[in-house]
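Thanks for making the time this morning. I would like to walk through one model with you, going from the overall layout down to individual residues.

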Amino acid sequence: MTETLLSFEESLEKFDPAMGLEVHVELSTATKMFCGCPGDFGAEPNTQVCPTCLGLPGSMPVVNGKAVEAAIRIGLALNCEIAEWCRFARKNYFYPDMPKNFQTSQYDEPICFDGFMDVDVDGETFRVEIERAHMEEDTGKSLHVGGSTGRIHGASHSLVDYNRAGIPLIEIVTRPIMGAGEKAPAVARAYVAQLRDLIVALDVSDARMDQGSIRADVNLSLAPKGTGALGIRTETKNVNSLRSVERAVRFEMQRHAAILDGGGSIVQETRHWHEDTGVTTSGREKSDAEDYRYFPEPDLVPVAPSREWVEELRGTLPENPTQKRARLQAEWGFSDLEMRDTVGAGALLIIEETVAAGATPQAARKWWLSDLARRANDAGVELAAVGVTPAQVAAVQQLVDARTINDKLARQVFDGLVAGEGTPEEIVEKRGLAVVSDDGALSAAVDKAIADNPDVADKIRAGKVAAAGALIGSVMKEMRGQADAGRVRELILEKLT
Ligand SMILES: [Zn+2]
């Protein structure tokens with residue numbers, strides 16, 4: 001079914017958007033939330049399970065202290081209050097990949113609450129208020145077999161992998177974000193990008209959106225322009241890239257606007273995001289009064305972090321992200337626009353690592369925001385998963401600086417790196433990519449280019465030095481791009497002027 005959309009511009013003329021973001025962060029603790037099973041990603045199905053995370057009768061959960069520590073550090077970094085005493089609660093519902101038939105979560109007593117994060121978009125700062133960050137456990141994973149898309153629709157049967165059941169999660173929930181207007185999609189993206197950077201800096205999660213270790217649910221509603229009211233919202237689940245967060249907000253704004261403008265009303269529901277087509281489709285209806293029959297978890301003792309411990313953890317926090325961005329911009333000499341593009345592309349940390357590996361900031365920015373960003377985009381993965389490391393980018397740039405290769409040949413080295421052909425030096429060797437700067441070979445190619453283009457040569461002889469570009473192009477073509485263009489130019493001018 002094709003949804004009717006109002007244009008983005010028209011939706012903004014008539015309505016004000018309000019967003020709410022719920023981000024689940026999977027912690028990279030050695031063990032699960034309530035048992036000693038390892039929580040590694042990608043293990044053989046159902047090999048990392050025990051009676052507790054399978055919810056077998058009589059098993060007893062124990063809280064993972066490292067997960068509590070991570071929760072508190074995340075909360076402090078988000079300027080939250082830390083509860084002096086809080087409990088876990090059972091959230092009761094049935095789902096095949098949830099073996100206990102309830103999820104151990106937190107309800108009205110979250111460990112972290114009342115925080116905020118300042119988000120930079122186009123030089124403007126938006127304060128995103130954090131309502132709460134609470135601890136819970138992940139569910140298992142269903143694999144639907146036989147359908148064309150991996151979804152349950154059309155599948156012949158389903159398999160369940162409980163390895164993920166019981167992995168510690170922190171769910172970070174914002175208050176409604178209002179007043180962002182046309183920047184709402186960009187604010188949503190920037191919030192998730194900054195939150196991810198913060199999680200990486202805290203070193204509490206892999207923070208890989210493409211592997212689901214950070215998952216964003218996007219709530220959106222529209223209200224008639226200028227009323228300041230909150231409309232009926234939809235919740236788009238599991239949006240798994242920064243770009244998609246932005247697209248999902250934009251799509252839902254346009255979809256809501258078309259319905260409201262046509263006199264219809266929004267159905268309060270969860271919606272599925274489709275990465276390939278960039279649309280959302282209806283999931284299940286959801287009312288605010290949905291009854292999960294929460295009650296305090298009787299098998300777990302309350303969590304009561306001492307104020308001394310909280311202050312000790314405060315001392316372990318990394319540099320504040322806003323200050324860090326300002327510091328890096330000054331150190332790198334980036335313009336506001338360059339910095340904005342870098343942050344917007346989620347490339348800040350990877351450029352920082354590339355600079356640490358020896359590249360200049362401009363060179364690091366050039367590769368990560370152009371060639372490598374395109375590869376990541378084509379493959380639908382994040383920059384970190386593109387198959388080239390910061391150290392390799394720095395090594396490639398060193399080859400360019402040494403004039404062993406040029407920018408064009410560097411792209412072929414990246415091809416080789418993605419294909420796993422070895423180090424940058426080995427790839428240059430194996431693929432025969434080194435630039436020719438040997439005068440003998442270059443001189444012969446220049447002579448040939450002059451002989452092939454007598455009219456161009458005459459122009460240069462007559463003083464039109466700019467015409468040399470055509471001859472350089474001819475030499476580069478002859479030498480399959482592997483000539484040192486600077487030396488070729490010198491030789492042409494030596495011979496003709
Ligand atoms: Zn277990």
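The protein chain is divided into domain 1 (8–312), domain 2 (319–431) and domain 3 (439–496), with bounds that come from an automatic or database domain assignment. Taken over C-alpha atoms, the centres of domain 2 and domain 3 are 32 Å apart. Please keep in mind that this is a predicted model, in which local features need pLDDT of at least 70 and side-chain atom pairs count only at pLDDT 80 or more, while totals for chains, interfaces and linings use all residues. Residues are numbered from 1 along each chain as its sequence is written, and side-chain values use heavy atoms, with hydrogens and water left out.

For the chain as a whole, the C-alpha trace spans about 90 × 55 × 55 Å along its principal axes. There are 17 helices and 15 strands, where helices (H or I, at least four residues) and strands (E, at least two) are DSSP runs numbered from the N terminus. Of the 497 residues, 47% count as buried; buried means under 20% relative accessible area, exposed means over 50%, and partly exposed lies in between, with a 1.4 Å probe and protein chains only. If we take contacts, meaning heavy atoms within 4.5 Å, between residues at least 6 apart in sequence, then 69% of them join residues at least 24 apart.

Tyr191, when its neighbours within four places in sequence are left aside, is in contact with Leu21, Val23, Met117, Val119, Val128, Ile130, Ile172 and Thr174.

Next, the zinc site. Which protein atoms are the donors of the zinc ion? They are the SG atoms of Cys35, Cys37, Cys50 and Cys53, at 2.3 to 2.4 Å from the ion, where donors are N, O and S atoms within 2.8 Å of the metal (3.2 Å for Na, K and Ca), and sites may look incomplete since water is not among the atoms. Along the chain these donors follow the spacing C-x1-C-x12-C-x2-C. The angles among the four donor atoms run from 100 to 114°, and the site is tetrahedral, a label that requires all angles between four donors to lie between 85 and 135 degrees. For reference, the ideal angle for four tetrahedral donors is 109.5 degrees. Both Cys35 and Cys37 are buried.

Now a sheet. Three strands form an open sheet in the order β4-β3-β15, with antiparallel pairing. Because β4 (102–105) and β15 (295–296) stand at the edges, each with a single partner strand, one side of each is left without a neighbour in the sheet. Strand β3 (residues 89–92) is joined to β4 by four bridges, and to β15 by two; two strands pair if DSSP finds at least two bridges between them. Arg90 has a bridge partner on either strand, with Thr104 in β4 and Phe295 in β15.

Finally, some individual residues. Ala83 is found in the loop between β2 (81–82) and β3, and counts as buried because its relative accessibility is 7%. Not counting residues up to four places away in sequence, Ala83 touches Pro110, Ile111, Phe113, Pro305 and Arg307. Ser213, in the loop between α3 and β11 (214–224), is also buried, with a relative accessible area of 4%.

Asp114, found in strand β5 (residues 112–121), has a positive phi of about 55° although it is not a glycine, and its relative accessible area of 41% makes Asp114 partly exposed. Arg403, in the loop between α11 (390–401) and α12 (407–418), likewise is not a glycine and has a positive phi, of about 60°; at 48% relative accessibility, Arg403 counts as partly exposed.

Terms used: Four donors count as tetrahedral if all angles lie between 85 and 135 degrees; four count as square planar and six as octahedral if opposite donors are over 155 degrees apart and all others between 65 and 115; anything else is irregular.
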